[in-house]
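Hi,

Here is the structure I promised to pass on. Have a look at it first, and my notes on the rings and the surface follow below.

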Amino acid sequence: MKYIDIIKNGLVKENPTFVLFLGMCPTLATTTSAINGLSMGLATMAVLICTNFVISLIKNLTPNKVHIPVYIVVIAAFVTVLQMLMSAYAPQSINDALGIYIPLIVVNCIILGRAESFACKKTPLASVFDGIGIGLGFTVGLTLLGCVRELLGAGSLFGVVLLPETYNILLFVLPPGAFLTLGYLVAIINKFKKA
């Protein structure tokens, strides 16, 4: 499999948000704005790339009986580093918005699933490209969901006001709006796939 095909696979065929429906907790909770969706997607992608690489390197050293706990320790190490970097360098508004969802990356089924289904069977370079592809798919999904919710709910996009306040539909920045937006986006994507 060529590396570009691995990336395309993560973006289209195995998109975590719109096809596999994995990682729904951060997908629905953090996408109240486009910047939050983009930030969460990039954070998850960074952990996914690093985790895939390391797990691919240690796959032959890890006994089958303990491979899942080892994967979780590897993921937790990278999430801890990410959280420290975000605390030090990310804007406070992003830290506040993502809050508890950054530590929850440790148990994100996307990362553990890719470690189990891809990284433990493939080369380190292929695993990095898988992390890039799946990570990009997740980032695009969260950003798109955040864009729609922010535009309809707050009348802005990446914080830039585009619509007057009278056109805002508050429902879209509330939890039910996440479900509605995801449902409509999946329906639209499926319609285009069939066409």
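Tyr3 counts as partly exposed, at 34% relative accessibility; that label covers the range between buried (under 20% relative accessible area) and exposed (over 50%), with a 1.4 Å probe and protein chains only. This is a predicted model, so to speak of local features we need pLDDT of at least 70, and side-chain atom pairs count only at pLDDT 80 or more, while totals for chains, interfaces and linings use all residues. Residues are numbered from 1 along each chain as its sequence is written, and side-chain values use heavy atoms, leaving out hydrogens and water.

A search of the whole structure turned up one aromatic pair (ring centres of Phe, Tyr or Trp, the latter by its six-membered ring, within 6.5 Å; planes under 30 degrees apart are stacked, over 60 edge-to-face, the rest tilted). Tyr3 and Phe129 make that pair, stacked at 4.6 Å centre to centre with 20° between the planes. They sit 126 residues apart, Tyr3 in helix H1 (residues 3–13) and Phe129 in helix H7 (residues 124–154). Helices here are DSSP runs (H or I, at least four residues), as are strands (E, at least two), numbered from the N terminus. Phe129 is partly exposed too, at 23%.

Elsewhere, the charged end of Lys122 sits over the ring of Phe118, 5.7 Å from its centre (the cut-offs: NZ of Lys or CZ of Arg within 6 Å of the ring centre and within 35 degrees of the ring normal).

Cheers
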